[in-house]
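Have a look at it first, and then we'll go through it piece by piece.

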Amino acid sequence: MSITLQVNGVSHELDTTPDTPLLWAIRDHVRLTGTKFGCGMSMCGACTVHVDGKPTRSCVTPVSAAAGKAITTIEGITSPAAKAVQQAWTALEVPQCGYCQSGQIMSAAALLEQNSQPSDAEIDAAMSGNICRCATYARIRSAIKQAADQLA
Amino acid sequence: MRRNLSNGHQGLVSSRRDFLKLVTTVGAGLTLAMNLPVALAADAAVTVTAGDFEPNAFVRIGTDNSVTVIMKHLEMGQGTFTGLATLLAEELDADWSQVVAEGAPADAARYNNLNWGTMQGTGGSSAMANSFLQMRTAGATARAMLIEAAAQRWKVPATEIQVSQGILSHAASGNSAAFGELVELAAQQPIPDAQSLRLKDPADFAYIGQSLPRLDRGKTDGSALFTQDLQLEGMLTALVAHPPRFGGKVKQFDAAKALVSPGVVDVVQIPSGIAVLATDFWSAKKGRDLLSIDWDESAAFAGSTDDILREYRALAEQPGAVARTDGDATEALANATTVVEAVFDMPYLAHAAMEPMNAVALVNDAGCEIWNGEQFHTVDQATVAAALGLKPEQVKINMLLAGGSFGRRANPHSDYVLEAAQIAKARRGTPVKLVWTREDDTRAGYYRPLYVHKVRAGLDASGNPVAWEQRIVGQSIGKGTAFEAFIVKDGIDATSVEGASTLPYQIPNMQVELHTVDQGVPVQWWRSVGHTHTAFSTEVIIDELARAAKQDPVDFRLKLLAQHPRHLGVLKLAAEKADWGSELPKGWGRGVAVHESFNSFVAQVAEVSVQDNGSFKVERVVCAVDCGLAINPDIIRAQMEGGIGFGLSAALLSEITLKDGQVVQSNFHDYQVLRINQMPTIEVHIVPSAEPPTGVGEPGTPPIAPAVANALSAVTGQRFQHLPLKLNS
């Protein structure tokens with residue numbers, strides 16, 4: 001069936017089943033591959049996108065539930081918070097393998113959009129759903145603080 | 001624009017003459033576009049006499065000033081692209097902004113790991129060590145030819161020409177030129193003899209020792225290309241139903257429902273199971289769920305972790321094959337004043353890289369082309385060639401970035417790469433992307449083996465260690481692989497005992513024994529290999545000996561390491577920076593461990609806090625590392641941080657268990673790994689050194705589990721002989 005999806009401000013007519021996870025609609029149908037597959041059950045956060053501004057695990061969100069909503073992926077983030085996060089990520093050399101980092105950045109950007117000066121505990125709470133097997137966590141914490149400083 | 005991608009334009013340099021031709025003809029064709037070549041490489045295959053030194057296989061300079069460094073090692077997060085390019089750019093005097101990374105093809109004649117003889121691959125934390133002179137010489141060669149070109153054009157003596165940051169200049173005449181302006185003329189210069197090249201004095205290094213920005217960009221905007229992201233014209237996605245127990249086979253299957261499921265294109269049987277091919281992942285997943293498969297489990301593994309532990313513990317009571325003998329440990333133990341004894345067990349572990357295993361393969365008349373986070377070029381090439389009835393050179397491999405590996409993508413049996421090739425063989429002419437789900441990745445095998453260690457160690461009346469007897473029980477990683485001849489000697493798999501057989505402490509009577517057990521559970525190296533378990537048992541026992549001798553754990557080690565200056569160096573530095581011996585808050589404890597692996601030396605001091613409810617937290621880790629000359633200090637720090645975090649997953653959380661032959665865990669809810677709220681503060685200190693560089697990908701991992709266990713012992717008095725660590729309530 002046909003589903004209309006708004007991704008990064010662009011409308012896409014997708015021929016897919018309504019139970020297809022948003023993740024696979026984005027990756028295999030819209031063909032934006034920055035959003036990653038890590039677990040398929042909302043345990044690792046690699047698939048995090050913004051749906052109407054809220055960080056959302058796209059691997060367990062049926063595409064039918066996302067129709068008509070504003071979906072933002074790593075390729076389409078433009079907010080000052082998101083840009084500050086990306087800059088801090090590069091400045092502090094956060095990524096190692098990099099596979100989880102799209103999801104990390106989407107979670108961090110959403111955090112700073114809600115709370116521009118998060119505490120350590122708030123950072124941990126917002127980011128503990130995002131696994132990084134390279135364990136770049138210490139730098140993620142530092143980079144979020146650096147981005148927060150830049151936004152202040 | 002993406003970098004690090006295809007091999008389609010790469011410098012297939014088979015001879016010095018070809019290098020000249022290449023530099024001349026490639027011209028500006030250096031910035032690689034996104035389109036990946038589907039063409040097969042049989043026509044591009046080249047032959048070089050093994051052992052030829054071909055520095056020019058590593059660099060290509062374009063008229064657009066780009067300096068493309070060809071990477072023979074996989075970038076899986078450890079920073080190897082940056083490190084290799086730093087070495088080459090240093091001697092070339094390139095500007096860092098003009099340097100671009102590109103993966104090398106499978107061609108062991110030119111891109112072999114010099115530490116591995118004739119094999120090409122990445123592992124054992126060997127990239128910097130084996131490439132240190134090779135990449136520098138490659139850079140120096142290109143530099144010398146550019147200088148010769150400038151000397152000719154400007155009609156000035158070559159010795160008067162300076163090179164700095166990508167610009168050649170001649171002060172007296174006022175001439176200057178960027179690399180790109182001279183490439184054509186440079187290509188006509190004779191290649192200088194390697195012996196005639198003078199590499200820089202370390203005092204003149206401009207890049208080595210600086211923390212240059214990483215080259216593997218695209219990791220903050222979604223543009224970095226992993227195997228999972230590859231899209232080729234007409235490509236199908238394949239998911240495989242694997243047997244529920246290791247060694248199971250397909251008896252019969254019914255694919256009727258799967259074949260009529262939307263998006264499913266084909267269902268094929270391969271040796272490892274049944275593959276469902278579809279237009280996209282979700283269709284393939286739904287199709288796989290609709291398969292009905294009758295498995296033949298007559299030869300399948302049916303054991304359980306409890307049975308394995310019982311068997312291993314019994315074996316640990318019996319003498320094993322001898323891996324090391326100094327003096328007479330049996331007699332010395334009989335005469336010792338105090339004997340410390342412990343039986344350790346450490347579970348199977350999955351690598352659980354964030355990118356589940358995957359590979360893209362295309363089979364057609366020319367051969368087989370593979371796209372993969374390629375860690376084991378020569379093994380994969382040979383294995384796929386043999387299985388498909390091809391010559392190795394008909395298997396072209398494109399090395400893409402890997403979303404982690406921790407050893408998993410260097411599978412000695414090429415398991416998932418072969419699986420992709422076998423599916424593609426059944427759909428000739430169609431590119432097939434094999435995707436493993438997280439459940440496949442967790443359950444389809446290749447684990448760090450489960451080990452049991454029994455250690456007995458004795459002190460004399462003065463508190464000096466006089467005896468050490470250690471028995472290690474577990475599966476061999478090397479047995480039955482192409483590496484057996486190198487790894488297994490006289491019945492001892494070096495990767496089962498490393499770290500124990502090489503224990504550096506001054507103990508006059510020492511015996512290390514091994515029981516190698518065949519088990520139907522597939523095993524493989526896992527970040528730092530044998531050191532993952534030997535560092536734990538040995539460093540916990542050393543701490544227990546110190547406690548029995550009523551000595552400070554750092555002082556005790558320093559005394560026993562007097563002959564090992566590099567161990568001493570990291571131990572002293574870590575203790576000093578951690579303010580060892582200072583007061584800690586109530587309920588906190590401090591523990592230390594020091595361990596050498598892959599010729600690098602690492603000491604860590606861990607601070608833990610124990611709560612009243614019996615839970616605990618690792619609060620802080622101070623790490624000191626000696627990896628010889630530090631090529632990129634920030635990447636060294638990052639690898640120590642990551643190695644500690646990776647080791648903490650195993651120390652605190654992760655465990656693969658088996659029940660009646662089935663893997664119990666399936667995804668991150670029950671195979672737990674470290675999350676940000678569990679990550680301690682980490683400080684890394686690098687010992688200044690002029691020794692040749694060694695690796696940093698693995699050595700950060702081994703010391704953390706024992707350092708944490710020792711810290712927990714310091715605060716609770718409990719003993720720890722099991723991983724993951726658990727406090728008794």
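Which residues in H4(B) meet which residues in H5(B)? On the H4(B) side they are B:Met145, B:Leu146, B:Ala149, B:Ala150, B:Gln152 and B:Arg153, and on the H5(B) side B:Phe179, B:Leu182, B:Leu185 and B:Ala186. "Meeting" here means being in contact, with C-beta atoms, placed from the backbone, within 7 Å.

Before going on, some ground rules: this is a predicted model, where local features need pLDDT of at least 70 and side-chain atom pairs count only at pLDDT 80 or more, while totals for chains, interfaces and linings use all residues. Residues are numbered from 1 along each chain as its sequence is written, and chains are lettered from A and ligands numbered from 1 in the order in which they are written.

By class, the H4(B) and H5(B) contact has eight nonpolar, one polar and one charged residues. Nonpolar covers Ala, Val, Leu, Ile, Met, Phe, Trp, Tyr, Cys and Pro, charged covers Asp, Glu, Lys and Arg, and the others, Gly among them, are polar. H4 (residues 127-154) and H5 (residues 179-186) of chain B pack at about 90°, their axes 8 Å apart. Axes are lines fitted to C-alpha atoms, for helices over the stretch in contact, and angles run from 0 to 180 degrees between N-to-C directions. The two helices are therefore roughly perpendicular, a label for angles of 65 to 115 degrees. Helices (H or I, at least four residues) and strands (E, at least two) are DSSP runs, numbered from the N terminus.

**The two chains.** Here are some values for each chain.

| Chain | Residues buried | C-alpha box along the principal axes |
|---|---|---|
| Chain A | 61% of 152 residues | roughly 45 × 30 × 25 Å |
| Chain B | 58% of 729 residues | roughly 80 × 75 × 45 Å |

A residue is buried if 20 or more other C-beta atoms lie within 10 Å of its own, exposed if 12 or fewer, and partly exposed in between, with C-beta atoms placed from the backbone. Chain A has six helices and five strands, running β-β-α-β-β-α-β-α-α-α-α from the N terminus. Chain B has 19 helices and 28 strands. Its radius of gyration is 27 Å, close to the 27 Å from the globule rule, so chain B is as compact as a globular protein of that length. That radius is taken over C-alpha atoms, and the rule is 2.2 Å times the number of residues to the power 0.38.

**A sheet in chain B.** Five strands form an open, mixed sheet in the order S12-S22-S19-S18-S13. Strands pair if DSSP finds at least two bridges between them. S12 (321-326) and S13 (338-346) of chain B each have a single partner strand, so one side of each is left without a neighbour in the sheet. Nine bridges join S13(B) to S18 (residues 451-459) of chain B, and these two run antiparallel. One example is B:Ala342, whose bridge partner in S18(B) is B:Val455. Helix H8 (residues 305-315) of chain B lies across S13, S18, S19 and S22, at about 35° to S18(B).

**Where the chains touch.** How many residues does the contact take from each chain? It takes 43 residues from chain B and 45 residues from chain A. On the chain B side, the largest share, six residues, comes from H18(B). By class, that side has 18 nonpolar, 14 polar and eleven charged residues.

How values were computed: Contact = placed C-beta atoms within 7 Å. Parallel < 35°, antiparallel > 145°, perpendicular 65-115°, else oblique.
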